Amino acid sequence: MNEGFGGRSTRAHHHFFSGSYGQTFKFDIVLITLTLLLLGFGLIVLYSALGQSWSGILNQGIRLCLGLGCLMLASQLRVSTYFRWAPTVYAGTILLLFAVELFGVASKGSQRWLDLPGLPSFQPSEFLKISLPLIVGWYITTRNFKLKSLDYLALILIVGLPTGLVFLQPDYGTALILLIGVAAMLFLCGVRLRWFAGGLVLVAISAPIIWNFVFREYHRKRIITLFNPERDPLGAGWNIIQSKTAVGSGGLTGKGLFEGTQSHLDFLPEGHTDFIIAVIGEELGFVWCATLLCCYLLIFSRLMYLATTATNGFGYVVGTGITVIFFGYVFVNVAMVLGLLPVVGLPLPLVSYGGSSAITTMAAFGVALAVCTHKQDLEK
Amino acid sequence: MSTKRAYDPVPLVLSKTIVYRASSAAVVASVLILLLVARLFQLQVVEHERYATQATENRLTTQTIPPPRGLIFDRKGNYLASNRIVPSLAVIKENVDDIDNLLTNIRALVDFSNAEESSLRTRLENAEDDEKVIIKRDLTDEQLAIEAVNRHRFGNILVITEILREYPYKELASHVVGSVRQITVEDLQHLDPVRYRGSKFVGRRGVEHYYEDLLHGEIGIRQVEVNAVGRVMSEILVDPATRGQSITLHLDIELQRVADEALGDRRGAVVAIDPKTGGILALVSKPSYDPNVFVTGLEGREYDRLSARADAPLFNRATQGKYPPGSTIKPLLGMAGLAVNVIDWELEFDDPRGEFQLPGSEYVYRDWNWRKSGVGGQGQVDLFRAIYRSSNIYFFHLGAVLDIDTFSTFLGQWGYGHNTSLDILDADPGILPNDTWKKENTGDSWYPGDNMNFVIGQGFTLVTPLQLATISTIFANRGKWVRPRLLLSSEQPVELGEDFPPVQGVVESDWERMIEALTAVVHRGNKGYLQNGLAWAHIGRNIPYQMAGKSGTAQVVAIPQGEEYDEESLPEEQRKHALFFGFAPVHDPVIAVATVIENGGGGSENAAPIVREVIDSYLADFVATNDE
């Protein structure tokens with residue numbers, strides 16, 4: 001590889017924040033505007049989905065403000081800071097994932113939450129959308145963008161450990177998005193296509209082995225059910241039938257805000273969380289759904305653009321990684337609600353009710369802004 | 001490579017490969033978004049109609065509103081049948097995926113027998129998908145509390161309110177009022193499916209059955225919005241139910257209670273009729289049953305259990321019990337003889353020994369023991385004496401000269417052999433035999449000996465207590481007919497039917513003389529001798545008003561020639577039935593009563609006091625009411 005990257009450069013000074021940030025406060029007006037539009041839209045829809053509860057909106061508003069704070073803060077840190085801290089952040093996330101495995105809180109059949117004293121409960125797997133791009137970027141950078149066979153093995157281990165832990169929670173959706181995200185990062189930084197072919201062969205060989213010898217019976221059952229919702233007509237099958245009915249009955253312009261019968265008569269499960277797009281589809285119709293998806297596409301495009309303007313390889317890799325994973329969440333969530341993918345239980349970033357996803361997504365945006373737009377490390 | 005792994009910036013150079021790959025990522029993302037938009041277009045524009053319909057079907061349900069059933073009152077406005085609202089456990093059939101799991105949940109909430117379980121299974125099988133199937137009716141407060149605490153665990157079990165029929169007087173009026181019962185699959189074949197959609201009960205017996213059309217009311221329709229678990233969120237459209245008409249019966253529940261208590265634990269019946277209107281004031285049949293069990297019970301076994309009892313509490317003895325009339329038939333036969341002019345009030349028969357033989361026959365027909373010594377007859381007996389002393393010999397003589405068809409035709413006018421009631425559908429016509437009847441039913445001709453049994457009210461003739469009370473009414477009215485009826489009034493008038501013409505062939509003086517004789521039964525007797533078996537000895541010695549009546553003692557088994565009837569030695573079910581009918585006051589009767597006590601012994605001794613108690617009570621109340 002290494003087709004896109006130059007050799008080493010001079011070392012940077014290590015300041016925690018970019019120097020003289022009074023003048024160079026990092027801020028991307030396009031991304032922030034799009035994000036705020038999305039958050040505002042999300043709050044309006046949530047107000048309806050929560051049954052016009054102001055207290056719910058207040059809670060979510062506080063979380064979103066916290067998320068925006070994280071975005072602002074994270075975007076001011078130096079690239080070198082992220083680089084230095086990448087392994088620590090990664091190790092921390094792994095620890096938390098083990099903690100989930102050991103002391104996590106189970107809900108709806110999977111164990112994803114950690115309830116530490118003094119903190120609101122949260123999903124450590126959400127941190128992977130930041131720590132995984134960071135560690136992959138860090139590793140590739142330390143290898144000076146020249147990856148050898150052993151490096152791929154190392155990457156598989158680095159990525160496989162947290163992804164495997166997430167998979168076992170089980171959170172198949174997140175695990176899949178992370179794997180595809182990492183693959184996309186490698187693709188975007190120019191890894192030769194034959195490595196991907198090799199990867200596919202590896203998956204093809206290992207899949208039956210994992211299926212038969214690593215998975216327990218209940219894992220296999222769950223995965224089979226995932227692809228056959230009709231086997232579970234009152235569970236996943238019910239969800240899909242009702243969400244399609246909600247979306248379809250909305251028509252072109254929807255039934256009007258607060259008027260969704262599927263949502264407000266409890267036919268639609270998880271209307272304010274994972275299935276929020278179905279509420280939007282029912283109450284606001286095709287027009288606003290399409291607009292929302294375009295907004296996501298614009299955010300994706302803006303983040304990709306920012307990544308390509310990064311002055312350093314680390315920033316590019318981390319930035320694209322965060323972008324692809326963000327997009328993965330959006331796509332898998334909407335496709336799931338529309339019955340194109342199995343119901344895996346993922347939130348719609350920035351719109352679904354809940355703290356972990358919104359805060360980590362915005363923090364990830366902050367990290368992407370930081371690593372893609374800070375020039376000082378190179379300039380100095 | 002740096003062992004410190006400190007940041008060592010590698011500048012990003014946008015090589016052709018990087019630009020190419022970044023561009024393809026953007027294309028892939030755009031295509032994926034486009035795919036989602038296309039899917040949205042498919043669902044929201046192309047297939048919109050289908051999903052819109054689906055969403056409407058999800059939320060809208062048409063429910064039927066069963067009409068509240070009309071109330072039933074007695075003549076003084078007491079509730080004989082009312083409605084009450086009770087909490088019940090129910091489940092919507094389509095919400096039951098696992099019946100065993102459901103049963104486990106039910107058992108955690110309430111006691112649930114195996115019979116209830118099998119009934120629930122059957123009813124679930126036959127129910128419509130969206131039908132609420134009742135699990136348990138009339139929950140106690142404790143059961144409700146348990147349900148409320150566990151509601152989250154048993155999402156598909158609902159607590160609903162039902163309107164249930166209630167019979168406040170329980171056993172007391174059940175043979176009159178009857179009851180409603182669960183509509184069964186068989187019922188649905190002859191009930192109007194529209195009118196009864198949503199109704200759970202139909203009148204089964206008594207007034208509830210006869211006046212079903214009035215009481216039921218008209219069904220209402222309600223379109224409601226329901227949520228995912230079937231809970232009603234709002235009403236969209238309501239076409240209210242029309243409640244059933246309330247009806248008032250002639251029945252006087254207090255008089256009913258007096259009659260019931262007078263009868264006590266004995267098997268039998270008492271019927272009291274207002275001779276001016278034909279209104280049935282009391283109709284008691286014992287033993288009785290509590291009709292409320294048919295309402296709350298869900299097992300369907302209550303009926304079987306009651307029918308299996310040897311003393312047949314479901315059997316309405318007052319309207320369906322058939323008994324030989326015994327001596328109560330005598331005044332009618334006398335009237336028959338007068339009507340066809342074979343006797344008059346002057347004609348006397350000699351009765352030296354209390355024995356009678358048909359010409360050319362060895363068989364001796366005996367009278368009952370008139371004297372303490374048990375020997376000797378009643379001397380010269382005319383019709384008047386034959387009635388108040390209940391002479392068999394007189395009527396044997398009459399039976400020797402009048403043929404059965406003449407008797408039978410005459411008795412037919414009194415309601416013998418017919419159900420003359422206006423609104424008691426299942427009242428038994430009894431048996432009024434004649435020559436043809438005997439040939440048809442036994443294949444044999446009518447013999448002179450049959451006439452001998454006939455004239456003392458034994459043999460083939462059978463009469464119900466209601467018929468006996470009707471006969472008492474006819475005497476009270478001097479031959480004028482008022483047919484017995486239960487209905488006093490309803491919200492909209494009901495045409496019950498025409499009365500019959502008066503009894504033919506009997507002149508007014510005959511009526512007055514016969515009523516004198518019947519009055520003598522109660523007031524004269526054979527004064528001075530208390531054990532003579534006449535009603536006077538038991539009810540007539542302290543009676544403050546004029547009452548007329550006639551007793552009867554009906555043999556259940558034939559006593560062989562030459563043997564004595566010994567009550568003590570006979571098993572209970574072979575002992576004589578006690579009968580009595582009477583009315584009062586004699587000159588302007590306001591009440592006519594009849595009673596039959598199964599295997600109750602002598603009519604004067606056992607039946608007459610019941611009639612007197614009923615009349616006493618009614619007259620006291622009547623005087624009190626009219627004095628106000």
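**Briefing: chains A and B in a predicted model**

In chain B, 75% of the contacts with a separation of 6 or more join residues 24 or more positions apart. Two residues are in contact if their C-beta atoms, placed from the backbone, lie within 7 Å. This is a predicted model: local features need pLDDT of at least 70, side-chain atom pairs count only at pLDDT 80 or more, and totals for chains, interfaces and linings use all residues. Residues are numbered from 1 along each chain as its sequence is written, while chains are lettered from A and ligands numbered from 1 in the order in which they are written.

**Confidence in chain A**
- The average pLDDT (the predictor's confidence in each residue, from 0 to 100) of chain A is 86, and 89% of its residues score at least 70.
- Over residues 6-23 of chain A, pLDDT stays under 50. For this stretch the model has 31 contacts beyond four places in sequence.

**Chain B**
- Chain B has 23 helices and 20 strands. Helices (H or I, at least four residues) and strands (E, at least two) are DSSP runs, numbered from the N terminus.
- Of the 628 residues in chain B, 42% are buried, meaning that 20 or more other C-beta atoms, placed from the backbone, lie within 10 Å of the residue's own.

**Helix packing in chain A**
- The axes of α4(A) and α5(A) lie 10 Å apart, at an angle of about 170°. That makes the two helices roughly antiparallel, a term for angles over 145 degrees.
- Axes are lines fitted to C-alpha atoms, for helices over the stretch in contact, and angles run from 0 to 180 degrees between N-to-C directions.
- Residues of α4(A), including A:Leu132 and A:Ile135, meet residues of α5(A), among them A:Ile158 and A:Pro162. The contact has 11 nonpolar, no polar and no charged residues.
- Ala, Val, Leu, Ile, Met, Phe, Trp, Tyr, Cys and Pro count as nonpolar, Asp, Glu, Lys and Arg as charged, and the others, Gly among them, as polar.
- Helix α5 (residues 149-168) and helix α6 (residues 172-188) of chain A have axes that come within 8 Å and cross at roughly 160°.
- Eight of the contact residues are nonpolar, two are polar and none is charged.

**Where chain A meets chain B**
- The contact takes 59 residues from chain A and 44 residues from chain B.
- On the side of chain A, α11(A) gives the largest share, 11 residues.
- That side has 30 nonpolar, 22 polar and seven charged residues.

Technical notes
Buried ≥ 20, exposed ≤ 12 C-beta atoms within 10 Å, placed from the backbone. Parallel < 35°, antiparallel > 145°, perpendicular 65-115°, else oblique.
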